[in-house]
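Biologist: I would like to learn how to read a few features of a model. Could we take them one at a time?

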Amino acid sequence: MTLHLIKLCVGADDVEDLRSWQQERLAEKRRRKEPQVLAHVTRMVPTRADELLDGGSLYWVMKGFIRCRQRLLGIEPFVDGEGVKRCGLVLDPEIVLTRRRERRPFQGWRYLPAADAPADVKSSEGDETDEMPEAMRRELEELGLL
């Protein structure tokens with residue numbers, strides 16, 4: 001059964017900020033001739049890895065709303081240079097926009113059952129509402145028009 005993770009995206013104002021930051025990280029890895037692996041490092045190792053890797057995603061919360069997700073490709077525990085146990089959540093570089101859902105702040109990550117995950121935004125050429133002002137998009141979603 002598929003299970004997801006949810007995490008605050010600290011430092012990113014919107015999906016484009018996240019996309020830009022991740023592209024910069026991959027470019028830096030290319031310059032260093034390191035493997036082109038996109039991973040988010042966290043302290044805790046998920047104990048339900050099999051369920052997460054069975055089609056699960058990491059859902060990002062930005063400014064109080066779930067905004068997008070990235071498919072989880074791997075979970076790699078490691079010990080950092082200071083001897084602290086950490087975990088790399090290996091992510092698919094594709095960022096998938098989701099329907100916005102309000103979410104209160106929390107620390108770390110949380111499991112997100114598939115039944116509670118917001119639906120993807122469906123569009124053939126990308127989401128034309130990306131350029132829409134935040135307040136307008138929120139209001140249209142509340143009215144059920146998006």
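Biologist: Is cysteine 87 buried or exposed?

Modeller: This is a predicted model, and what follows is computed from it. Cysteine 87 has a relative accessible area of 0%, so it counts as buried.

Biologist: How far is the sulfur of cysteine 87 from the closest cysteine sulfur?

Modeller: The general idea comes before the case. A disulfide is a covalent bond between the sulfur atoms of two cysteines. The closest cysteine sulfur to that of cysteine 87 belongs to cysteine 9 and is 17 Å away, which is too far for a bond because the cut-off is 2.5 Å.

Biologist: What is the count of disulfides, then?

Modeller: The count is 0 disulfides. Cysteine 68 is in none, and its nearest cysteine sulfur, that of cysteine 9, lies 6.7 Å away. Cysteine 68 is also buried, since its relative accessible area is 0%.

Biologist: Which residues touch the most other members of the largest nonpolar core?

Modeller: In soluble globular proteins, nonpolar side chains tend to be buried together. Here the largest nonpolar core has 19 residues, and those touching the most other members are Leu5, Leu18, Trp60, Met62, Cys68 and Leu72. At least two residues of this core come from each of β1 (3-8), α1, β3, β4 and β5 (85-91). There is also a second, separate core of 7 residues, with Tyr59, Val61, Phe106 and Ala117 among them.

Biologist: Beyond its neighbours within four places in sequence, which residues is leucine 18 in contact with?

Modeller: Setting those neighbours aside, leucine 18 contacts Cys9, Ala12, Trp60, Met62, Cys68, Gln70 and Ile95.

Biologist: How should I read a positive phi, and what is the value for lysine 33?

Modeller: Most residues other than glycine have a negative phi. Lysine 33 is not a glycine, yet its phi is positive, near 60 degrees. This lysine sits in the loop between α1 (15-31) and β2. With a relative accessible area of 75%, lysine 33 is exposed.

Biologist: Where is lysine 63, and what is its phi?

Modeller: Lysine 63 is in the loop between β3 (57-62) and β4 (65-79). Its phi is positive too, at about 50 degrees. The relative accessible area of lysine 63 is 63%, so this residue is exposed.

Biologist: How far apart in space are threonine 42 and arginine 86?

Modeller: Separation along the chain and separation in space are read as two numbers. Threonine 42 and arginine 86 are 44 residues apart in sequence, while their C-alpha atoms are 5.8 Å apart. Threonine 42 lies in strand β2 and is buried, with a relative accessible area of 10%. Apart from neighbours within four places in sequence, threonine 42 is in contact with Arg86, Cys87, Leu89 and Trp109.

Biologist: Where is arginine 48 placed?

Modeller: Arginine 48 is in the loop between β2 (38-42) and α2 (49-52). Its relative accessibility is 33%, so it counts as partly exposed.

Biologist: Which side chain is joined to that of arginine 48 by a polar contact?

Modeller: The side chain of glutamate 51, through a polar contact of 2.9 Å. Neighbours within four places in sequence aside, arginine 48 is in contact with Leu3 and Tyr111. The C-alpha atoms of arginine 48 and tyrosine 111 are 9.0 Å apart, and the two residues are separated by 63 residues along the chain.

Terms used: Residues numbered from 1 in each chain as written. Predicted model: local features only at pLDDT ≥ 70, side-chain atom pairs only at ≥ 80, totals over all residues. Heavy atoms only, no water. Helix = DSSP H or I, 4+ residues; strand = E, 2+ residues; numbered from the N terminus. Buried < 20%, exposed > 50% of the residue type's maximum accessible area, 1.4 Å probe, protein only. Contact = heavy atoms within 4.5 Å. Polar contact = N/O pair within 3.5 Å; in protein donor to acceptor, adjacent residues only side chain to side chain. Core = buried A, V, L, I, M, F, W, Y, C linked by side-chain atoms within 4.5 Å.
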